[in-house]
Amino acid sequence: TAWLCGSPPVVAAATAMETAARQECYPELKPVQSINAHPSNCICIKFDPMGKYFATGSADALVSLWDVDELVCVRCFSRLDWPVRTLSFSHDGKMLASASEDHFIDIAEVETGDKLWEVQCESPTFTVAWHPKRPLLAFACDDKDGKYDSSREAGTVKLFGLPNDS
């Protein structure tokens, strides 16, 4: 579920059981509109911080970018091979990170769809999140089967965008 603060505030939801993005008015949560966003189940949804776009990720391994005002799909990103688990827009809305069970994170330029970076990972990625003011991406992967002690209940948060990253 994602929120777009405005007047009135709007909530958009994409669930694993739906192929549509739903728009509802808060606080009543009355359906306003439903958009067929993907041919298979939607898994995640995020609004960009500028309020211009929202993105949906789906079991079809596609990320679609939607214009908030027109409610039309303006672009699809198709570099992932597995269902899209997580999405995040950068603080300025210019970059979109998406990840799945693929062993990389795709970072795209929102306006063109061009690939900016492919962040290599040793295992599937569960979540990605951009820093609220800097081009710094935090992400967490399923590291339990790798070089880490799988008998411990522990996780690892990694960063991309530090001065030595390229």
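This is a predicted model: local features need pLDDT of at least 70, side-chain atom pairs count only at pLDDT 80 or more; totals for chains, interfaces and linings use all residues.
Close-up 1. W117, by comparison, is partly exposed, with a relative accessible area of 33%. The model holds 3 aromatic pairs. One of them joins W117 and F160 in an edge-to-face arrangement, with 5.6 Å from centre to centre and 70° between the planes. This pair links distant parts of the chain: W117 belongs to strand β12 (residues 115-120) and F160 to strand β15 (residues 157-160), 43 residues apart.

Close-up 2. Take a look at F47, whose bridge partner in β6 is F54. Both residues also belong to a cluster, in which ring pairs link F47, F54 and W66. The hairpin has 5 residues between the strands, and G51 takes a positive phi near 80°.

**Close-up 3. S123 in the loop between β12 and β13.** Follow the chain to the loop between β12 and β13 (125-130), and you will find S123. With 7% relative accessibility, S123 counts as buried. Its side chain reaches the backbone oxygen of D142 at 2.8 Å. Leaving aside neighbours within four places in sequence, S123 is in contact with D102, H103, C141, D142 and D143. For orientation, S100 lies 23 residues from S123 along the chain, and 9.6 Å separates their C-alpha atoms.

Methods. Residues are numbered from 1 along each chain as its sequence is written. Side-chain values use heavy atoms; hydrogens and water are left out. Rings of Phe, Tyr and Trp (its six-membered ring) pair if their centres lie within 6.5 Å; planes under 30 degrees apart count as stacked, over 60 as edge-to-face and the rest as tilted. Helices (H or I, at least four residues) and strands (E, at least two) are DSSP runs, numbered from the N terminus. Buried means under 20% relative accessible area, exposed over 50%, partly exposed in between (1.4 Å probe, protein chains only). Two strands pair if DSSP finds at least two bridges between them. Contact means heavy atoms within 4.5 Å. A polar contact is a pair of N or O atoms within 3.5 Å; within protein, one must be able to donate a hydrogen and the other to accept it, and residues adjacent in sequence count only if both atoms are side-chain atoms.
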